[in-house]
Amino acid sequence: MQAAAELTIASPTVPQMDSSSVTGRLNTLMARVFGCRHADMSRPFSRDGRTYRSCLNCGAQRHFNLGNWEMQGSFYYGQPQLHQMPTA
């Protein structure tokens, strides 16, 4: 007869969770439930005759006016449609 195998743990450790990882997970959960707040925006980019800023979290874009250095209009994903572009 063979003896039952015995499992031993040499140094049991409990993973430590720091407050930044808990906060990051909570922010991710809130963004999934309520949507992105677009708090982290990129610098302005100009491409194909339009200037915009992008959300670094979800990728949404918003028109940027270089004349008064402000964002205008609503957020959009991909190429803007005519009704999304603000009239100057």
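1. Arg 47 has Arg 50, in β2, as its bridge partner. The model is a predicted one, in which local features need pLDDT of at least 70 and side-chain atom pairs count only at pLDDT 80 or more, while totals for chains, interfaces and linings use all residues. Residues are numbered from 1 along each chain as its sequence is written, and side-chain values use heavy atoms, with hydrogens and water left out.

2. The antiparallel pairing of β1 with strand β2 (residues 50-54) runs over 3 bridges; strands here are DSSP runs of E with at least two residues, helices are runs of H or I with at least four, and both are numbered from the N terminus. Two strands are taken to pair if DSSP finds at least two bridges between them.

3. These strands belong to an open sheet of 4 strands, with the order β1-β2-β3-β4 and antiparallel pairing. Because β1 (45-47) and β4 (70-76) each have a single partner strand, they stand at the edges, and one side of each is left without a neighbour in the sheet. Neighbouring strands of this sheet are turned by 40° against each other on average, direction ignored, with axes being lines fitted to C-alpha atoms (for helices over the stretch in contact) and angles running from 0 to 180 degrees between N-to-C directions.

4. Strand β3 (residues 61-65) pairs with β4 in the antiparallel sense over 4 bridges, and His 63 has Gln 72, in β4, as its bridge partner. The two strands β3 and β4 form a hairpin with 4 residues between them, and Trp 69 in the turn has a positive phi of about 60°.

5. There are 2 aromatic pairs, by a rule under which rings of Phe, Tyr and Trp (its six-membered ring) pair if their centres lie within 6.5 Å, planes under 30 degrees apart counting as stacked, over 60 as edge-to-face and the rest as tilted. The rings of Phe 45 and Tyr 52 make a tilted pair, because their planes lie at 35°, with the centres 6.2 Å apart. Phe 64 and Trp 69 form an edge-to-face pair, at 5.0 Å centre to centre and 85° between the planes.

6. Tyr 52 is buried, with a relative accessible area of 8%, whereas Phe 45 is partly exposed at 32% (buried means under 20% relative accessible area, exposed over 50%, partly exposed in between, with a 1.4 Å probe and protein chains only). In the other pair, Phe 64 counts as buried at 4% relative accessibility, and Trp 69 counts as exposed at 57%.
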